[in-house]
Amino acid sequence: MSESANRPERPAANRPGGPGRPGGMGRRGGGMGAPVEKPKDFRGTWKKLIRYCRAYIPAVIVALIAAAVGTALQVIGPNQLKNITNEIGKGLPALLNGTPVAGSVNLHSVVNIAWFLVALYSASALLSFAQSYIMATVTQRISKSLRTDISGKINRLPLKYFDRSSFGDVMSRVTNDVDAIGQTLNQSIGSLVTAITMFLGSLAMMFYNSWILALTAVGSSLIGFATMMVIMTKSQKYFLAQQNGLGDVGAHVEEIYSSHNVVKVYNGGPEARRTFEKYNNDLYVSAWKSQFLSGLMMPLMQFIGNFGYVAVCVVGAALALSGHITFGVIVAFMIYVRLFTQPLAQIAQVANNLQRTAAAGERVFAFLDEPEMADEHDKAERLASVDGDVEFRHVKFGYSPEKTIIHDFSVHVRPGQKVAIVGPTGAGKTTIVNLLMRFYELDGGSILLDGTPTTEVPRANVHEQFCMVLQDAWLFEGTIRQNIVYSKPEVTDAQVVQACKTVGLHHFISTLPQGYDTVLGDKVSLSEGQKQLITIARAMIQNAPLLILDEATSSVDTRTERIVQAAMDQLTVGRTSFVIAHRLSTIRNADLILVMDAGDVIESGTHDDLLAEGGFYADLYNSQFEAAA
């Protein structure tokens with residue numbers, strides 16, 4: 001019901017789509033290698049997130065302790081393998097001299113160490129399982145709570161918020177941003193604790209066994225990681241260029257193929273092809289460089305590990321031959337080198353995820369902190385048995401403080417009257433209806449229903465007094481019966497059938513295989529007129545004393561318009577009706593026609609009276625027939 005001329009302008013890419021369709025999401029690149037959107041306040045956002053999750057902090061702490069202890073038990077394992085190797089090593093001279101194994105190797109000690117290792121790794125696995133279970137439960141509850149809070153927030157936000165925000169952006173906060181927070185809490189936090197514990201634990205165990213070998217392993221690993229960081233720094237700009245290139249190619253293809261006929265008519269094919277080849281070549285260059293550099297990561301990681309193994313073997317052999325360490329220490333170090341290098345890559349990845357999550361959390365909490373409509377639970381007065389008397393008294397309103405749309409609007413509508421509101425685009429027609437239903441708050445004046453100002457009763461109570469048919473027939477995926485009965489479960493099947501008979505829809509529904517239980521979806525094709533008739537039947541079921549018809553026939557052909565118009569005439573019987581129409585031929589039987597321009601009523605009266613005056617309405621009415629001719 002928006003009038004673009006009256007509302008704050010925003011970029012086309014951010015404007016909302018129609019009902020049930022996400023708005024423009026912009027050309028945001030996705031996929032692996034996409035640059036992370038950095039938050040404005042990383043620390044502040046994480047503080048808010050921790051406060052939001054404070055009820056689950058004890059469970060999270062238990063899970064993180066379990067992860068740390070489980071990782072520590074894994075770190076102890078290689079040291080026990082060292083002891084097994086040393087026990088076997090003690091018996092090697094005897095074995096070489098032909099002594100039986102039972103006499104040369106202390107099998108009892110080897111078995112005890114082996115069972116101890118089994119206990120260590122089993123306990124580590126159980127603790128890891130417990131950590132995963134707790135974090136999965138906690139994060140899903142937090143995600144559910146965030147989605148619930150966002151959903152509730154949507155219902156408490158004033159419509160002016162959606163005038164400056166796209167529907168797609170709000171949907172992204174509910175889905176993408178909440179999922180990013182949940183995934184990080186579920187995986188990255190535990191991985192961070194595990195990686196830090198693994199890194200520090202393996203480093204401590206290496207120095208415990210041999211400080212010389214520890215320095216050798218650390219030095220060889222740091223050389224490799226320094227090289228990897230240089231490559232990552234160099235490749236980031238190519239990833240960014242790749243994402244921009246993908247956006248350029250996608251946008252160009254969408255523009256060309258969505259307007260293919262225009263391109264053909266104006267022979268724009270060669271120019272479009274040259275533009276595409278430029279974008280495609282730029283994407284090829286950036287994608288090749290980014291993927292090549294990205295492909296170096298895995299070989300480099302393998303090189304770091306292999307280089308560490310070689311260094312440990314060479315230095316360890318020299319130390320073992322000189323008697324400074326045992327052979328078992330070398331075996332333990334071969335495992336510790338892997339345990340030491342692995343967490344560094346995990347920590348880098350987790351840091352990346354924490355940045356992304358902070359950006360997502362910043363968007364979610366910014367949405368939750370948006371100003372809400374005033375709480376009206378304390379308003380005890382209610383509208384009941386409304387006759388339909390409506391009065392506008394010196395109404396003043398603007399979508400923004402610096403731009404007033406409605407200056408001084410006053411009119412009195414008696415119960416049962418059919419009032420048509422006409423005027424050029426941007427005159428304020430839809431704005432008046434929005435104010436009548438309290439979608440926006442007035443800047444001045446008042447609107448009264450049966451003598452009661454709408455501001456003195458809750459908004460929901462005001463909304464209960466209206467049924468509405470819009471230009472776009474909003475239907476959801478469900479049965480025809482569910483679409484008609486929408487939000488009124490107490491309605492009987494007989495009432496639904498009667499409403500459909502009244503609007504002339506019953507025969508069509510009866511021809512469908514499942515009748516009223518037919519699910520509206522891709523397999524059921526409805527014309528615009530049939531969709532509109534369903535919404536009219538829904539309005540009849542609502543059975544409210546006031547009716548809003550906003551351009552309800554503008555999207556249908558002339559023949560269908562007559563059918564829809566007849567159904568609307570049935571709907572207006574006994575109700576105070578406000579009709580917004582550009583086709584003036586459809587409102588000739590209105591009891592009162594209000595002609596608006598620039599937010600003010602400049603003419604009022606019946607169709608015949610206004611034509612006789614020969615003023616603005618007469619010019620507007622005659623111009624439509626001249627245009628048709």
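Buried residues make up 44% of the 629 residues in the protein chain; buried means under 20% relative accessible area, exposed over 50%, partly exposed in between, with a 1.4 Å probe and protein chains only. This is a predicted model: local features need pLDDT of at least 70, side-chain atom pairs count only at pLDDT 80 or more, and totals for chains, interfaces and linings use all residues. Residues are numbered from 1 along each chain as its sequence is written, and side-chain values use heavy atoms, with hydrogens and water left out.

Next, the surface. The chain exposes about 32700 Å², and carbon and sulfur atoms supply 58% of that. Areas come from the Shrake-Rupley method with a 1.4 Å probe; for residues, only the protein chains shown count as cover.

Now secondary structure. I count 21 helices and 10 strands. These are DSSP runs numbered from the N terminus: helices are H or I with at least four residues, strands are E with at least two.

On to the sheet. 6 strands form an open sheet, ordered S6-S7-S8-S3-S9-S10, with mixed pairing. Two strands pair if DSSP finds at least two bridges between them. The edges are S6 (466-469) and S10 (600-605), each pairing on one side only. Neighbouring strands are turned by 20° against each other on average, direction ignored. Axes are lines fitted to C-alpha atoms, for helices over the stretch in contact; angles run from 0 to 180 degrees between N-to-C directions.

Look inside the sheet. S3 (residues 418-422) and S9 (residues 592-597) run parallel, joined by 4 bridges. Ile-421 has Leu-594 in S9 as its bridge partner.

Last, contacts. Contact means heavy atoms within 4.5 Å. Of contacts with a separation of 6 or more, 79% link residues 24 or more positions apart.
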